[in-house]
Amino acid sequence: MATVNASTVSLSNSSQTQRTDSKASSYRSLLKVGVSACLATCAAVTFSNPWEVVKTRLQLQGELTAKNAGLRPYNNSFSALTIIFKTEGIRGLQKGLGPAYCYQVAMNGTRFTLYDPFKSFFNEILSSDDAMTTAVIAGAASGVCAAAISSPFYLVKTRMQSYSPTNAIGYQHHYKSTFSGLSQIFRQEGIRGLFRGVDAAMMRTSIGSAAQLSSYDKCKQAILKSPSFEDNVYTHCLASMITSVFVCIVMNPFDVVSTRMYNQKANQATGKGALYRNPIHCFVRTVYTEGVSGLYKGVLAHYLRIGPHTILTFVFLEQIKGVMNRWFP
């Protein structure tokens, strides 16, 4: 009897050790995904940030004015890029890069880390054989969480990118740095001010994340079914290019709303936005005043930003993950 009990205890200890090792391995894997995502997206945003500045200004240009009404210093994406470079230099094109780095770490570190656990969770509770459905739901859920955490950095980034000493577009907020912007907003508007526009950001990021993570996943799998392709940088580039088209088309209206919600002036008496009460109100006012085309302002700049950014993100991500798996198996 004693022998049986000892054997049982031994098996129990062995099983517990295996579970502990499995959990540790799972946590290491998630940590590697999170770190890889942070490094990859920070590298990508260094190159894509100038188009983000252009996109932000085009989305705010002519805000709540009829088409072709009022002064519009930027004719299109390329003229905006040229004008900003001529009047504000390289620093003008890289405005908001500091908070953009903070945003990428907070947003994509969270989003990429949560995507696989959410996918497993929804697969279990939905008991669905439709992998695409759970991928979309997991992408949206991870996007909502990421947007909530990273919103203050996106707020400061948007306001810094919209500020111009020569061509004022939208309401002008002047912050010297990321943390001076955060502290200034906190002093003037409190915690609520730091999370102004978070509802619009959650809509934007959930839609974009659902489209990006699920479509990249499926595009890569579809491409790899062809014997002509291997799991290498060329496959990652092609899957990213296809993904970025989906993301841009689906996301741009929410991106316009998010930009405007973040940049609007606060009403000093009520503490609420001076132009929009909430994202739905912003949608309605934009379409009513500017037409549906108002929701697609800056769409070319958006693609020129998100296309290379998506490609660089996934290419960098795959390479960094490969290095980390070799160094930290």
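Reader: Start with L64. Buried or exposed?
Author: L64 is buried, at 18% relative accessible area. Buried is under 20%, exposed is over 50%, and partly exposed is in between (1.4 Å probe, protein chains only). This is a predicted model, so local features need pLDDT of at least 70 and side-chain atom pairs count only at pLDDT 80 or more, while totals for chains, interfaces and linings use all residues. Residues are numbered from 1 along each chain as its sequence is written, and side-chain values use heavy atoms, with hydrogens and water left out.

Reader: Where does L64 sit?
Author: L64 is in the loop between α1 (2-60) and α2 (77-93). Helices are DSSP runs of H or I, at least four residues; strands are runs of E, at least two; numbering starts at the N terminus.

Reader: What is the phi of L64?
Author: It is positive, about 55°, although L64 is not a glycine. Most residues other than glycine have a negative phi.

Reader: Zoom out. How many helices and strands?
Author: Nine helices and zero strands. From the N terminus on, the order reads α-α-α-α-α-α-α-α-α.

Reader: How much of the protein is buried?
Author: Buried residues make up 48% of the 329 residues.

Reader: And contacts: what share join residues at least 24 apart?
Author: 77%, among contacts between residues at least 6 apart in sequence. A contact means heavy atoms within 4.5 Å.

Reader: Next, D255. Which helix?
Author: D255 belongs to α7, residues 233-263. Its relative accessibility is 0%, so D255 counts as buried.

Reader: Which side chain joins D255 in a polar contact?
Author: K55 does, at 2.5 Å, side chain to side chain. The side chain of R204 also makes a polar contact with that of D255, again at 2.5 Å. A polar contact is a pair of N or O atoms within 3.5 Å; within protein, one must be able to donate a hydrogen and the other to accept it, and residues adjacent in sequence count only if both atoms are side-chain atoms.

Reader: What else does D255 touch?
Author: Leaving out residues up to four places away in sequence, D255 touches K55, Q59, Y154, R204 and H302.

Reader: Now rings. How many aromatic pairs?
Author: Six. Rings of Phe, Tyr and Trp (its six-membered ring) pair if their centres lie within 6.5 Å; planes under 30 degrees apart are stacked, over 60 edge-to-face, the rest tilted. F254 and F283 form an edge-to-face pair, 5.5 Å centre to centre with 80° between the planes.

Reader: Where do F254 and F283 sit?
Author: F254 is in helix α7 and F283 is in helix α8 (residues 279-290). They are 29 residues apart, and the pair links distant parts of the chain.

Reader: F283: buried or exposed?
Author: F283 is buried, with 17% relative accessible area.

Reader: Which residues form an aromatic cluster?
Author: Y103, Y154 and Y262 form one. Y154 is also one of the residues that D255 touches.

Reader: Last one, G143. Which helix?
Author: Helix α4, residues 131-162. G143 has 0% relative accessibility, so it counts as buried.

Reader: What does G143 touch?
Author: R111, T205, S206 and S209, not counting residues up to four places away in sequence.

Reader: How far apart are G143 and T205?
Author: In sequence, 62 residues. In space, G143 and T205 are 5.1 Å apart, C-alpha to C-alpha.
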